[in-house]
Amino acid sequence: MSRARKTPAQYIQVYNSTPTGQTMFHKDQDLQGFVSMIRATPENARVWEASNHMKYSNISYKPGAYPDNDYGGGTPPNYHPNRTALDIIAELGSESNAHGLAKIVASRDTKRKVIWALLVIIGFTAATLQLSLLVRKYLQFQVVELSEIKDSMPVEYPSVTICNTEPISLRKIRKSVTKDKSEELRNWVRFIDGFRFEQMSFIHSIRAFYENLGEEAKKISHDLKDMLIHCRFNRELCSVKNFTTSFDGNYFNCFTFNGGHIKKNLEMHGTGPENGLSLIISVEKDDPLPGTYGIYNFENNILHSAGVRLVVHAPGSMPSPVDHGIDIPPGYSSSVGLKAVLHSRLPEPYGNCSEGTLQGMHKYRNTFFACLQLCKQRLIMSTCGCKSSALPDLPTENVTFCGEIPDWEDILMNVSGKVVPGMFIPTPALECEERMQRELNNDRAYEMSCQCFQPCSETSYLKSVSLSYWPLEFYQLNLLERFLNDNDTEHFMNIAYDYLAELARKGHDEEMSRNSSNSSDWSYTNQDKLKSKAASDLIRQTMLRLNIYLEDLSVVEYRQLPAYGLADLFADIGGTLGLWMGISVLTIMELMELIIRLIGLMFNVESDLPADEKDETHTGQKRVPAPKTHNGGSAPHESNYPDPYGPPEFNFRRGVEQPTN
């Protein structure tokens with residue numbers, strides 16, 4: 001037999017009477033009926049609130065008050081489906097991992113809210129300043145250079161360019177004069193001697209000779225077949241066919257070994273002179289014609305000497321004998337030891353290195369220095385309307401040289417009839433070139449407009465040079481026998497060979513006579529000694545040996561690396577946000593959720609959801625309705641949400657006994 005149900009006022013009276021009444025109330029089997037009455041109307045809920053025995057001002061905020069709600073209770077009678085932006089912000093702020101935001105939302109005291117709000121603002125400001133510094137540091141794209149020694153790898157052999165330091169072959173001049181084929185050369189000499197010029201030093205130079213005579217100057221330049229006596233590379237014979245020819249305004253013909261015509265790179269696996277390039281060269285130092293002498297130019301610091309100009313450069317790059325060459329003198333065996341250095345640079349945004357070939361000269365690989373030289377040439381051409389023979393020639397540009405005097409032959413022949421011997425010949429283009437050269441050499445501001453950048457990958461070679469006396473007199477005769485061609489009877493070295501051969505025959509005869517007569521006296525005269533010394537000096541003034549080899553197979557690589565990468569930026573951002581705000585990536589996801597929900601609120605997506613779907617949105621879990629009881633109410637259940645304010649004075653969800661029929 002069921003008992004009569006109590007009214008809400010009766011429950012309140014029993015509960016407020018004694019602690020024993022409260023204990024009995026927890027065990028009352030009519031608790032389900034009480035819950036149903038409270039849910040029936042708002043008036044009954046306000047009756048319970050008026051008892052002042054609950055510490056919550058609104059029963060709708062009490063966790064567990066309404067079993068049907070996933071937050072701890074069902075939908076309160078005064079629940080309105082529309083929510084405001086402040087409600088959403090407060091809800092997500094209370095659940096946020098950012099410590100300060102949760103404190104602002106959860107604090108009940110206004111002073112605490114203000115204090116925590118100020119702390120959050122200070123932390124946000126400090127974090128923003130530090131983050132701006134980190135981003136600025138990253139956007140500078142600074143690099144560090146790391147040096148590393150690489151062993152057990154083949155080393156690329158460089159290109160080797162040699163130029164005779166005396167551009168004109170006196171031997172060819174002698175032949176042209178003998179065969180009466182030097183009329184143009186003689187006319188040029190008469191022209192520069194018979195008139196006055198403002199740039200007299202340049203007019204008497206080898207460059208002016210080339211700029212005005214052109215192909216005639218190339219004809220009397222050196223040929224490699226006349227210079228190269230012996231060639232050997234990596235223990236194998238080489239020849240003139242292994243060299244390519246280029247032209248330089250200061251040295252005329254230059255010859256490059258491994259200049260790019262070989263299909264694959266030459267790689268070295270051994271060190272020392274035996275495994276490198278060995279050359280025996282004749283510099284063709286001939287005696288001038290009787291009574292003829294050249295003009296010494298004090299303003300030229302690289303010519304008027306005997307020997308070869310050696311340039312060791314990266315394979316496929318443009319040689320620059322004047323700027324990067326070293327002099328190799330005759331009469332010595334010169335050993336040039338190399339050590340490879342590899343430079344690896346970063347492209348944009350960390351650097352501005354470039355790959356590819358030179359603009360305007362695609363047969364050469366890009367180098368910073370060669371690019372600047374070509375840029376100088378273009379600036380002179382654009383300003384003066386002519387080009388300079390001291391800079392690389394651009395084959396695509398059809399302009400004349402600045403030192404060229406177009407009508408010099410007509411002036412010499414007095415075709416116009418107005419020429420007076422010794423008159424002044426103006427050269428405005430040459431004056432413009434010299435002015436531009438001075439400006440470019442004294443002010444490097446032009447480099448900004450050249451757009452020249454270092455190559456992303458470049459190999460350079462450190463050089464160490466040593467000299468030894470060569471050749472010894474004891475081996476000179478045999479050297480000449482292998483060098484001279486029997487058909488070339490006009491070669492000036494035949495004089496030395498004849499002297500040494502005559503002394504050798506005489507010495508052989510003396511040796512035979514000594515053996516037959518047992519005599520120990522030599523019949524050499526002072527004249528024989530003078531001839532021997534003259535022949536030896538002529539050989540040593542003309543010939544040289546050059547060994548170019550790797551002295552170390554270890555390659556030193558200087559590699560650029562980002563000093564502050566993207567991973568470092570993210571790590572510092574995480575540390576900064578964690579230090580000042582306690583923010584992580586998940587906190588940022590919470591902010592994204594807030595933005596999405598606020599956008600949904602703008603489009604009425606949040607308020608139009610049914611109550612069940614709204615609960616799923618709030619909790620992320622599907623709402624499971626509470627089981628129905630026999631009287632239509634919902635069965636009470638325990639809340640999984642802890643109460644941050646401590647246990648209530650009365651928890652009607654604990655110790656509930658199921659009603660019995």
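Modeller: A residue is called buried under 20% relative accessible area, exposed over 50% and partly exposed in between, with a 1.4 Å probe and protein chains only. By that rule E590, at 21% relative accessibility, counts as partly exposed. This is a predicted model, in which local features need pLDDT of at least 70 and side-chain atom pairs count only at pLDDT 80 or more, while totals for chains, interfaces and linings use all residues. Residues are numbered from 1 along each chain as its sequence is written, and side-chain values use heavy atoms, with hydrogens and water left out.

E590 sits in helix α23, residues 585–602, helices being DSSP runs of H or I with at least four residues and strands runs of E with at least two, numbered from the N terminus.

Turning to the interior, a nonpolar core is a set of buried Ala, Val, Leu, Ile, Met, Phe, Trp, Tyr and Cys residues joined through side-chain atoms within 4.5 Å. The largest such core has 33 residues, among which Y157, L277 and L310 touch the most other members. At least two residues of this core come from each of several elements, including β3 (159–164), β10 (277–282), β11 (308–313), α13 (224–227) and β18 (543–550). Leaving aside residues up to four places away in sequence, L310 touches V160, T161, I162, H324, G325, I326, I328, V336, L546 and I548, where contact means heavy atoms within 4.5 Å. A second, separate core holds 31 residues, among them A208, F209, F401 and L412.
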